[in-house]
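Trainee: I am new to this structure. Please take me through one part of it closely.

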Amino acid sequence: MSGDVRPGGFFLPGPTEVDPAVLEAQVAPVFGHRGPEAEALVGAVDRGLRAAFGTARPVLLGTMSATGFMEAAIRCGVKRRVLCLVNGAFSARFARIARDCGREVETLEVPWGRAVDPDEVAARLAAVEVDAVTVVHSETSTGALNPVREIAAAVARHPEVLVLVDSVTGLGGVEMAADAWGLDAVITGSQKALAMPPGLAFAAVSDRLLARAATLPDRGFYLDLVRYADQAARGQTPTTPALTLLQAARAQLGRMERETLRARWDRHARMAERCHRRVEGWRRDHGLDVAVLAPPGERSPTVTAIRVPPGRTGPELAEAVRNRGFVIGAGYGPLKNETVRVGHMGDHTEAELDAVLDALDAALRTPGGG
Ligand SMILES: *Cc1c(COP(=O)(O)O)cnc(C)c1O
């Protein structure tokens with residue numbers, strides 16, 4: 001790594017670039033977490049997040065990364081056996097967490113880069129008895145977007161089956177309607193499409209999940225969603241939250257409210273389309289052997305995984321882009337060498353995206369790196 005990253009040039013698929021005003025909002029004297037300042041802070045964050053989640057329920061605020069609430073959703077939402085929809089590394093992680101928590105795991109696997117077909121979910125649910133389904137909204141390892149709404153509709157034919165959704169790179173960048181779509185847990189983290197500093201996890205959970213959780217004996221203490229929900233109903237958190245990070249969250253939610261969620265989702269859709277068009281242009285006009293990994297219709301608006309030409313690798317191209325003053329991700333897990341990933345999420349603009357794609361274009365046309 002060498003040289004400075006340009007402002008507006010940090011396109012890692014998480015953590016994402018944070019606006020300086022949001023970072024500065026963290027700098028203030030410390031105050032007590034049970035006093036009026038904390039209550040006002042938690043109230044403001046809750047209000048902003050309810051809109052982003054599409055829920056009328058208090059949003060649970062966790063001082064941990066998003067994976068913490070994924071584990072909480074398993075501990076509190078799965079009785080015995082869960083069907084995990086696996087189409088990449090983060091959906092595989094959801095299955096791993098369930099196994100590590102002692103649950104029986106069925107998987108429905110589709111090739112990495114593809115989305116899960118709701119009809120396949122319906123067919124599997126007709127064949128196996130499970131009490132919950134896990135799904136990752138936007139698979140950050142591949143850039144595929146799962147049709148969460150349609151999958152939830154397929155699951156809804158089995159009233160005892162809960163739907164647990166990781167929307168870590170979805171929420172804030174693509175439409176989410178937790179209540180209207182009948183989702184039982186929706187989880188995100190501060191540092192992805194919401195463009196806040198890392199360190200907070202947020203979750204919306206349904207009454208049916210909480211009712212089930214109350215019957216499960218091994219929920220533990222720190223990850224007990226019943227305790228989070230009881231406290232959230234009173235505008236509190238169960239333990240001392242990261243107050244400084246909540247100040248950043250409040251500032252960012254204010255900025256998001258001014259932009260409006262609809263405009264934010266549209267901006268992400270435009271950035272994704274621009275990214276896909278440029279990759280297709282490199283292929284068509286420059287004969288570069290590159291391609292967007294996910295097929296049209298199955299692509300996430302927040303992250304694009306791009307297949308790199310033979311002879312090039314993800315880490316080497318990411319490094320070449322880094323030397324031009326921009327940050328993108330190498331591939332993730334088994335796709336590390338085969339792909340690079342551009343995280344066009346958070347507060348980025350189309351002009352900023354063009355600049356990072358210019359750098360990637362230049363790096364692609366300079367064989368041997370440089
Ligand atoms: C980043 C990410 C996670 C993990 O988030 P942490 O905050 O690092 O725990 C889980 N799922 C998806 C889809 C992600 O992109």
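How many salt bridges does the rule find across the interface of domain 1 and domain 2?

Mentor: The rule finds 2 salt bridges across the interface of domain 1 and domain 2. A salt bridge here is a side-chain nitrogen of Lys or Arg within 4 Å of a carboxyl oxygen of Asp or Glu.

A word on the basis. This is a predicted model, in which local features need pLDDT of at least 70, side-chain atom pairs count only at pLDDT 80 or more, and totals for chains, interfaces and linings use all residues. Residues are numbered from 1 along each chain as its sequence is written, and side-chain values use heavy atoms, with hydrogens and water left out.

Now the two domains. Domain 1 covers 20-258 and domain 2 covers 261-365. These bounds come from an automatic or database domain assignment. The C-alpha centres of the two domains lie 27 Å apart. Domain 1 gives 30 residues to the contact, and domain 2 gives 22 residues. Contact means heavy atoms within 4.5 Å.

Next, the area. The size of an interface is often given as the accessible area lost when the parts come together. About 2100 Å² is buried between domain 1 and domain 2, with 59% of it from carbon and sulfur atoms. That figure is the accessible area (1.4 Å probe) that the two parts lose on being put together, summed over both. On the domain 1 side, Trp112, Gly143 and Gly173 lose the most area to domain 2, together 20% of what that side buries.

Take Gly173. Gly173 sits in the loop between strand 7 (162-166) and strand 8 (185-189). Strands (E, at least two residues) and helices (H or I, at least four) are DSSP runs, numbered from the N terminus. Gly173 is buried, at a relative accessible area of 1%. Buried means under 20% relative accessible area, exposed over 50%, and partly exposed in between (1.4 Å probe, protein chains only). Beyond its neighbours within four places in sequence, Gly173 contacts Ala193, Trp265, His268, Pro301 and Thr302. Gly173 and Asp266 are 93 residues apart along the chain, yet their C-alpha atoms are separated by 8.4 Å.

There is a side-chain pair to look at, too. Asp347 and Arg255 form a salt bridge, at 2.7 Å from N to O.

Two strands pair if DSSP finds at least two bridges between them. Strand 1 and strand 9 (residues 201-205) run antiparallel and are joined by 3 bridges. Leu61 has Phe202 as its bridge partner in strand 9.

Strand 10 (residues 291-292) runs antiparallel to strand 11 (residues 304-307), with 2 bridges between them. Val292 stands opposite Ile306 there. Strand 11 also pairs with strand 13 (residues 339-342), antiparallel over 4 bridges. In that pair, Arg307 faces Thr339.
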